[in-house]
2 protein chains.
Amino acid sequence: MKLYDLPPSPNARRVRIFIAEKGLDIPTVPVNMMTGENQTEEYLDKNPLGMMPVLELEDGTCISESATICRYLEETNPNPSLMGNDALDRALVDMWHRRMEFELLDPIIKIFVHTGEIWKGRVTQISELAQINKVNVLSRMEWLDKELIDREFIAGGYYTVADITAQCAFVMAKAAVDIHIPAELTNLSDWWARVSSRPTARA
Amino acid sequence: MKLYDLPPSPNARRVRIFIAEKGLDIPTVPVNMMTGENQTEEYLDKNPLGMMPVLELEDGTCISESATICRYLEETNPNPSLMGNDALDRALVDMWHRRMEFELLDPIIKIFVHTGEIWKGRVTQISELAQINKVNVLSRMEWLDKELIDREFIAGGYYTVADITAQCAFVMAKAAVDIHIPAELTNLSDWWARVSSRPTARA
């Protein structure tokens with residue numbers, strides 16, 4: 001088994017943290033998007049959309065989509081649980097995971113893509129879209145701060161894949177588009193201190 | 001159990017089709033977004049993001065996110081399987097389901113939101129974004145046509161949630177933004193004929 005990896009990508013990082021939290025040892029193969037390594041015929045056979053990460057199984061089957069890779073690893077390595085312990089718990093973790101994907105990670109990636117130097121000439125950058133997403137992300141942080149008033153982690157009382165995705169979103173926000181968690185959002189700041197100090201946070 | 005529903009929404013429709021394919025009988029409660037029924041305090045208690053659909057369980061627990069609702073219903077009502085039969089099959093269905101969400105449904109909704117009369121004044125419409133998404137959707141249809149060359153359904157040999165999401169995306173494309181499957185994409189057209197003639201297609 002191996003993981004085709006894009007080291008700075010928040011999507012790849014969430015899979016690496018998930019693997020580290022599970023205590024698994026899966027070799028990674030970095031794929032350099034900037035030199036087009038993800039557009040070779042060989043790589044497109046693994047993922048026709050040319051995106052990373054991809055988990056390649058022993059028989060050559062390739063699984064793409066970060067959340068799908070996590071789900072497969074959860075099912076084949078249930079302990080420690082990172083995606084819920086029964087049908088309802090799994091539903092609530094999944095709901096929170098998707099909220100973190102759509103309300104935080106996706107708009108933060110869009111801000112980066114629509115403003116970043118590195119994307120100039122590769123995509124049509126729309127600065128108005130980046131601006132709208134920036135406003136939305138700030139408002140979602142305020143919402144999340146209120147949600148965290150009475151619990152330690154995003155989906156409830158224990159660390160899950162929803163925390164992993166949110167923490168990768170905030171790493172990118174800070175490093176790539178200069179958006180930081182406002183100090184007055186104390187519940188969110190406390191959550192951030194808890195998750196970013198885990199031994200797996202730099203996976 | 002009841003489903004808070006937005007009848008014309010492709011997200012709500014995919015849950016309704018999923019429920020119909022499972023043979024379940026879950027009453028629906030329509031929520032009128034245009035008159036702000038999704039912004040009342042009572043509704044925001046069910047989903048703080050104000051979106052539909054939401055599945056309310058007997059004990060009052062609310063599950064939002066269409067894919068999460070389908071997953072919960074799959075786990076509690078396994079037959080017929082619509083999300084895979086073992087860990088690897090579930091991973092492949094999930095991968096294809098996410099591709100249909102991100103590569104088709106999401107851009108089609110964006111085209112509608114950024115061009116539709118009904119959204120004027122409610123959001124900042126960026127026509128350039130709609131145009132980019134239109135080009136992307138057409139290119140994804142060509143890709144999907146090639147993928148369907150040797151199989152009957154999106155994720156493999158049987159009908160799954162990935163087909164449901166793709167068919168709801170195409171219903172919206174046709175009805176709301178006048179994008180149709182090009183006749184020369186014969187594999188995709190044949191797939192469309194197969195899925196749109198199912199008894200559940202108008203759920």
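A polar contact is a pair of N or O atoms within 3.5 Å; within protein, one must be able to donate a hydrogen and the other to accept it, and residues adjacent in sequence count only if both atoms are side-chain atoms. I started my notebook with that rule, and across the interface of chain A and chain B it finds 12 residue pairs in polar contact (both at pLDDT 80 or more).

**Ground rules**

This is a predicted model, where local features need pLDDT of at least 70, side-chain atom pairs count only at pLDDT 80 or more, and totals for chains, interfaces and linings use all residues. Residues are numbered from 1 along each chain as its sequence is written, chains are lettered from A and ligands numbered from 1 in the order in which they are written, and side-chain values use heavy atoms, with hydrogens and water left out.

**Entry 1: chain A against chain B**

I looked up which elements of chain A do the touching. Strand S4 (62-64), H3, helix H4 (87-115) and helix H5 (127-147) of chain A each give at least two residues to the side that touches chain B. Helices (H or I, at least four residues) and strands (E, at least two) are DSSP runs, numbered from the N terminus. H4(A) has the largest share, with 12 residues.

By class, I noted 18 nonpolar, 6 polar and 13 charged residues on the side of chain A that touches chain B. Here Ala, Val, Leu, Ile, Met, Phe, Trp, Tyr, Cys and Pro count as nonpolar, Asp, Glu, Lys and Arg as charged, and the others, Gly among them, as polar.

The contact (heavy atoms within 4.5 Å) takes 37 residues from chain A and 37 residues from chain B. Together the two chains bury about 3200 Å², 61% of it on carbon and sulfur atoms. Buried area is the accessible area (1.4 Å probe) that two parts lose on being put together, summed over both.

**Entry 2: a bridge between the chains**

Next I went for salt bridges, meaning a side-chain nitrogen of Lys or Arg within 4 Å of a carboxyl oxygen of Asp or Glu. The whole structure has 30 of them over all chains, and the count between chain A and chain B is 8.

I picked out Asp94(A) and Arg71(B), whose side chains meet at 3.7 Å, N to O. Asp94(A) lies in helix H4 of chain A and Arg71(B) in helix H3 (residues 66-76) of chain B, so this pair joins two chains.

I then checked how chain A is divided. The assignment gives domain 1 (2-76) and domain 2 (87-196), with bounds from an automatic or database domain assignment. Their centres, taken over C-alpha atoms, are 21 Å apart. The contact takes 12 residues from domain 1 and 16 residues from domain 2 of chain A.

These domains bury about 1200 Å² between them, 70% of it on carbon and sulfur atoms. In domain 1 of chain A, Pro10(A), Arg14(A) and Met34(A) lose the most area to domain 2, together 47% of what that side buries.

I counted 2 salt bridges between the domains. Arg14(A) pairs with Glu101(A), the closest N and O atoms being 2.8 Å apart. Arg14(A) and Glu101(A) also belong to a network of salt bridges with Glu65(A) and Arg98(B).

**Entry 3: bridges within chain B**

In chain B I found Asp106(B) and Lys110(B) meeting in a salt bridge at 3.0 Å, N to O. Both lie in helix H4 of chain B, 4 residues apart, about one turn of the helix.

Arg194(B) forms a salt bridge with Glu152(B), the closest N and O atoms being 3.8 Å apart. This pair links distant parts of the chain, 42 residues apart: Arg194(B) is in helix H7 (residues 186-196), and Glu152(B) is in the loop between helix H5 (127-147) and helix H6 (161-177) of chain B. Arg194(B) is partly exposed at 30% relative accessible area, and Glu152(B) is partly exposed at 42%.

**Entry 4: one last residue**

Which helix holds Ile69(A)? I found Ile69(A) in helix H3 of chain A, where it counts as buried at 0% relative accessibility. Leaving out residues up to four places away in sequence, Ile69(A) touches Leu3(A), Val15(A), Pro53(A), Val54(A), Leu55(A), Ile63(A) and Ser64(A).

Notes
Buried < 20%, exposed > 50% of the residue type's maximum accessible area, 1.4 Å probe, protein only.
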